[in-house]
Amino acid sequence: MDVSFNWLAIALAAISSFIIGRLWYSVVFARPWQRAAGVTDEQLKHGTARVFGGSLILAIVMAISLAAFIGSNGLGFGVFAGFATGASFVAAALGVNYLFERRSPVLFAINGSYNVVSFTVMGAIIGAMQ
């Protein structure tokens with residue numbers, strides 16, 4: 001299998017997850033997410049470099065993996081692959097973990113839907129640019 005990567009597409013896809021996350025967790029669902037996750041304003045002030053640095057590395061890993069899967073199949077397949085990955089792999093796996101951990105359905109809805117939207121956008125970017 002011959003796989004080539006558009007590194008600009010991967011970088012933009014990784015950055016898109018931060019932009020979506022900023023909207024999702026700071027604007028749209030900030031308070032409901034904090035309540036459901038049990039995270040205080042004070043906790044959010046500490047360890048931000050580690051959180052954002054680690055998240056960037058992981059977003060790049062996710063974008064590379066998604067790019068390998070999408071290949072040169074174009075925008076339509078990119079959107080489909082991103083949505084399918086976010087919904088059936090990531091959100092579903094979170095759901096299983098959350099059920100066993102007895103976590104809030106609200107937290108699952110917020111985090112699961114973030115991943116569906118984020119992966120769909122990443123897939124669209126990669127599909128359009130590869």
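This is a predicted model: local features need pLDDT of at least 70, side-chain atom pairs count only at pLDDT 80 or more; totals for chains, interfaces and linings use all residues.
Student: Which helices do the buried residues of H5 pack against?
Tutor: Start with the buried residues of H5, among them Gly 78 and Tyr 98. They pack against helix H4 (48-70) and helix H6 (105-129).

Student: Is Thr 85 buried or exposed?
Tutor: Thr 85 touches Leu 66, Val 90 and Phe 119, leaving aside residues up to four places away in sequence. The cut-off for buried is under 20% relative accessible area. Thr 85 has 13%, so it is buried.

Student: How many Å apart are the end C-alpha atoms of H5?
Tutor: H5 has 28 residues. At 1.5 Å a residue, they should span 40 Å. The value in the model agrees: 38 Å.

Student: Where is the kink in H5 centred?
Tutor: The kink is about 30°.

Student: Which helix gives the largest share of the lining of the largest pocket?
Tutor: The largest pocket has a volume of about 1,100 Å³. Of its 27 lining residues, the closest to the centre include Val 51, Phe 52 and Ser 55. H1, H2, H3, H4 and H6 each supply at least two lining residues. The largest share, seven residues, comes from H4.

Student: How many lining residues of the largest pocket are charged?
Tutor: Set aside 15 nonpolar residues and 10 polar ones. The charged residues number two.

Key. Residues are numbered from 1 along each chain as its sequence is written. Side-chain values use heavy atoms; hydrogens and water are left out. Buried means under 20% relative accessible area, exposed over 50%, partly exposed in between (1.4 Å probe, protein chains only). Contact means heavy atoms within 4.5 Å. Helices (H or I, at least four residues) and strands (E, at least two) are DSSP runs, numbered from the N terminus. The expected span of a helix is 1.5 Å times one less than its number of residues. The bend at a residue is the angle between axes fitted to the seven residues ending there and the seven starting there. On a 1 Å grid over the protein atoms alone, a cavity is a set of points where a 1.4 Å probe fits but cannot get out, and a pocket is an open set with protein on both sides within 12 Å along at least five of seven lines; lining residues have an atom within 4 Å of a point. Grid points are joined across faces, edges and corners, and a volume is the space filled by probe spheres set on the points. Ala, Val, Leu, Ile, Met, Phe, Trp, Tyr, Cys and Pro count as nonpolar, Asp, Glu, Lys and Arg as charged, and the others, Gly among them, as polar.
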